[in-house]
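Have the structure open as you read.

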Amino acid sequence: MNYPEHVLLGIVFGAAFALLIGADPFLFASIVFVAAFSALVPDIDHDSSKIRGYADLGVPICAFLFSYSASCNGVACGVENWHPILVSTLAITGLYMIVMTYMKPRHRGITHTLLLAAGYGIAIWFFSNPNLGIAALLGYVSHLVADRQIKLL
Ligand SMILES: [Zn+2]
């Protein structure tokens, strides 16, 4: 399955979850964005995948959204809490760069397992909030479903 189908399925999974919890428009958009992005994440192990092309831009943006939503509920709060938001954004982006430079796994290996899907969801939950963690998990799992690569390890 190609990236547009993965994004579409991630949007469907994210929108269904956002409707289920009655999310406000900002949270709805955040959940759908995180789920759509997360639906591309498993193919990060493929050098010519779309996600690799977008990752250098997408990872810092997502890291910022996660960091912001973990610290703030409104717009003005971001000015007061810029330091922890910046540190968290840089930490997530730096971790991504280290992993992709030194520890890139083989294609459809560990990245296409429920174990990594759970780890990814928990990491997003930890760095942001439960709703975005669940959105990330659902988006990631939608990719595994679409690829028919549902294995535990
Ligand atoms: Zn895949």
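This is a predicted model: local features need pLDDT of at least 70, side-chain atom pairs count only at pLDDT 80 or more; totals for chains, interfaces and linings use all residues.

Does Phe-127 count as buried, partly exposed or exposed, going by relative accessibility?

**Helix α3**

Start with α3, which covers residues 50-71. This helix has 22 residues and reaches 30 Å from first C-alpha to last, close to the 32 Å expected at 1.5 Å a residue. There is a bend in α3, about 55 degrees at Asp-56, and a proline, Pro-60, follows within four residues.

**Helix α5**

Now over to α5, with its 21 residues. From first C-alpha to last, α5 reaches 30 Å, close to the 30 Å expected at 1.5 Å a residue. Buried here are Ile-85, Ser-88, Thr-89, Ile-92, Thr-93, Tyr-96 and Met-100. Look down the axis of α5 and its buried residues fall within an arc of 125 degrees, so they line one face of the helix. As a rule, an α-helix has 3.6 residues a turn, so residues three or four places apart point the same way.

What covers the buried residues of α5? The cover includes α3, α4 and α6. On the other side of α5, Leu-90, Leu-95, Thr-101 and Tyr-102 are exposed.

**Aromatic pairs**

The structure holds 3 aromatic pairs. In one of them, the ring planes of Phe-64 and Tyr-68 sit at 40 degrees, with the centres 5.7 Å apart, so the pair is tilted. Both residues, Phe-64 and Tyr-68, lie in helix α3, 4 residues apart, which is about one turn of the helix. Phe-126 and Phe-127 also form an aromatic pair, and this one is edge-to-face, with 5.4 Å centre to centre and 80 degrees between the planes.

| Residue | Relative accessibility | Class |
|---|---|---|
| Phe-64 | 39% | partly exposed |
| Tyr-68 | 15% | buried |
| Phe-126 | 68% | exposed |
| Phe-127 | 30% | partly exposed |

So there's the answer: Phe-127 counts as partly exposed, at 30% relative accessibility. Its partner in the edge-to-face pair, Phe-126, counts as exposed at 68%.

Methods:
Residues are numbered from 1 along each chain as its sequence is written. Side-chain values use heavy atoms; hydrogens and water are left out. Helices (H or I, at least four residues) and strands (E, at least two) are DSSP runs, numbered from the N terminus. The expected span of a helix is 1.5 Å times one less than its number of residues. The bend at a residue is the angle between axes fitted to the seven residues ending there and the seven starting there. Buried means under 20% relative accessible area, exposed over 50%, partly exposed in between (1.4 Å probe, protein chains only). The arc is that of the directions from the helix axis to the C-beta atoms. Contact means heavy atoms within 4.5 Å. Rings of Phe, Tyr and Trp (its six-membered ring) pair if their centres lie within 6.5 Å; planes under 30 degrees apart count as stacked, over 60 as edge-to-face and the rest as tilted.
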